[in-house]
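Reader: I have just opened this model and would like to learn how to read it. Could you walk me through it?

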Amino acid sequence: MRGRKLVGANLRRLRVERDISQERLAFDSGVDRSYLGGMERGEENPTVDILDRLAITLSVPVGELFMPIEGKVPKGLRRGRKPQTGA
């Protein structure tokens, strides 16, 4: 797997494992949501600074984004907003 695809697959895996939407991860790390989506698809070439911010937000070392993937990469979270609890 090439570098951009590997980073994108790891980003998606870590995000889904933590049940975080792209929108939330992007907001919390200060990255544009559409840019984050492009990263997950392997279309964008992020800087080390952006990878560092994402790793901090996901509470993992930046090297975790470069770890070989074993098994399938999760498709993503269910579409749509989570229902609001309590009023």
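Reader: Which residues does R53 touch, not counting residues up to four places away in sequence?

Author: Contact here means heavy atoms within 4.5 Å. By that rule, R53 touches S29, G30 and V31. With V31, the C-alpha to C-alpha distance is 8.6 Å, across 22 residues in sequence. This is a predicted model, where local features need pLDDT of at least 70, side-chain atom pairs count only at pLDDT 80 or more, and totals for chains, interfaces and linings use all residues. Residues are numbered from 1 along each chain as its sequence is written, and side-chain values use heavy atoms, leaving out hydrogens and water.

Reader: Where is R53 placed?

Author: R53 lies in helix 4; helices are DSSP runs (H or I, at least four residues), numbered from the N terminus. R53 has a relative accessible area of 36% and is therefore partly exposed (buried is under 20%, exposed over 50%, partly exposed in between, with a 1.4 Å probe and protein chains only).

Reader: How do helix 1 and helix 4 cross?

Author: Two packed helices are described by the angle between their axes and the distance between the axes. Here, helix 1 (residues 3-17) and helix 4 (residues 48-58) have axes that come within 11 Å and cross at roughly 20°. Axes are lines fitted to C-alpha atoms over the stretch in contact, with angles from 0 to 180 degrees between N-to-C directions. The two helices are therefore roughly parallel to each other (angles under 35 degrees).

Reader: Which residues meet there?

Author: From helix 1, V7, L11, L14 and R15 meet L51, L54 and L58 of helix 4.

Terms used
Angles under 35 degrees count as roughly parallel, over 145 as roughly antiparallel, 65 to 115 as roughly perpendicular and the rest as oblique.
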